[in-house]
Amino acid sequence: MVMFKTLGTILTCAVEIFYFGVRYSRNAKVALGVLALGSAIYAGTDVGYSSTGYFWATLQILSWVLQTFVEKIATVDSEQTKAGVAVIRNILSLPVVAFLIVVSGEAGAVRELLVQQQIWGQVALSSFLGCGLGLSTSALYKTFAPTAVVVANNVGKCISIFLGCIIFNDILIPTQIIGLMLSLAGSFWYGQEEKKRLEEKKDEADHDSAV
């Protein structure tokens with residue numbers, strides 16, 4: 001399911017090309033194709049396949065892509081620092097979290113969390129890492145295009161899968177390893193192409209300012 005969500009990278013790139021008019025090289029598009037192929041191969045090995053689960057995952061991908069562009073626009077146009085943007089985003093998420101707690105009937109779980117002091121440290125660590133993720137995401141949006149941000153997110157997912165296998169002694173089958181390696185190769189290839197695109201864009205801007 002985790003790797004299935006990375007297919008949203010293709011949708012993000014398509015929106016950039018057809019709506020925002022961003023020009024990507026042929027190699028960059030091929031690199032994204034390799035990334036998507038690897039993700040599809042890995043997702044195809046999901047032994048816990050559920051049509052309902054993938055339906056909701058598809059809706060999550062669509063909302064995630066929309067959120068990516070909204071956050072990109074808000075971050076670039078805002079005078080706030082990346083820390084300020086991260087704080088505002090987290091504050092705005094609190095009403096949504098409260099609503100979901102009530103609707104899902106998990107209010108009892110909140111009370112249980114307050115009682116079980118042994119897991120407070122885990123919650124604090126998770127919150128700390130979440131803040132770090134928010135800061136890094138805001139910094140990325142200020143510098144890079146949305147597609148580059150979601151590709152970086154894809155690399156993080158692949159690494160988390162490998163780390164999960166090490167920590168929890170899970171075993172990847174050969175097909176899954178091939179899918180992950182293809183996805184990582186496509187991500188790094190795209191990164192090199194995006195670096196070239198940004199350098200060319202900078203050279204064009206320097207030339208125009210000189211003229």
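Helix axes are taken here as lines fitted to C-alpha atoms over the stretch in contact, and angles between them run from 0 to 180 degrees between N-to-C directions. The structure described is a predicted model.

The chain contains 8 helices and 0 strands, and along the sequence the order of elements reads α-α-α-α-α-α-α-α. The C-alpha trace spans about 65 × 45 × 30 Å along its principal axes. Of the 211 residues, 30% are buried. Among contacts in the chain with a separation of 6 or more, 82% are between residues 24 or more positions apart.

Two packing arrangements involving helix 7 (residues 146-168) were examined. The axes of helix 2 (residues 26-43) and helix 7 come within 12 Å and cross at roughly 35°. This crossing of helix 2 and helix 7 is left-handed. On the side of helix 2, the residues in contact are Leu-32, Leu-35, Ser-39 and Tyr-42, and they meet Thr-147, Val-151, Asn-154 and Ile-161 of helix 7. Sorted by class, the contact between helix 2 and helix 7 comprises 5 nonpolar and 3 polar residues, with no charged residues.

Helix 1 (residues 8-18) also packs against helix 7, at an angle of about 170° and with the axes 9 Å apart. Because angles over 145 degrees count as roughly antiparallel, helix 1 is roughly antiparallel to helix 7. Helix 1 contributes Thr-9, Thr-12, Cys-13 and Glu-16 to the contact, and helix 7 contributes Pro-146, Thr-147, Val-150 and Val-151. The contact of helix 1 with helix 7 has 4 nonpolar, 3 polar and 1 charged residues.

Aromatic side chains were considered next. A search of the whole structure finds 4 aromatic pairs. In one of them, the ring centres of Tyr-19 and Phe-20 lie 4.9 Å apart with the ring planes at 80°, so this pair is classed as edge-to-face. Tyr-19 has a relative accessible area of 67% and is therefore exposed, whereas Phe-20, at 42%, is partly exposed. Tyr-19 and Phe-20 belong with Phe-69 to one aromatic cluster.

Another pair is formed by Phe-55 and Trp-56, with ring centres 5.4 Å apart and planes at 70°. Planes over 60 degrees apart count as edge-to-face, so the pair of Phe-55 and Trp-56 falls in that class. Phe-55 is partly exposed, having a relative accessible area of 46%. Trp-56 has a relative accessibility of 55% and counts as exposed, because the cut-off for an exposed residue is over 50%.

Most residues other than glycine have a negative phi. Asn-169 has a positive phi of about 60° although it is not a glycine. This residue, Asn-169, is found in the loop between helix 7 and helix 8 (174-210). With a relative accessible area of 64%, Asn-169 is exposed.

Conventions
Residues are numbered from 1 along each chain as its sequence is written. Side-chain values use heavy atoms; hydrogens and water are left out. Helices (H or I, at least four residues) and strands (E, at least two) are DSSP runs, numbered from the N terminus. Angles under 35 degrees count as roughly parallel, over 145 as roughly antiparallel, 65 to 115 as roughly perpendicular and the rest as oblique. Contact means heavy atoms within 4.5 Å. Ala, Val, Leu, Ile, Met, Phe, Trp, Tyr, Cys and Pro count as nonpolar, Asp, Glu, Lys and Arg as charged, and the others, Gly among them, as polar. Rings of Phe, Tyr and Trp (its six-membered ring) pair if their centres lie within 6.5 Å; planes under 30 degrees apart count as stacked, over 60 as edge-to-face and the rest as tilted. Buried means under 20% relative accessible area, exposed over 50%, partly exposed in between (1.4 Å probe, protein chains only). A crossing is left-handed if the near helix is turned anticlockwise from the far one by less than a right angle, and right-handed if clockwise.
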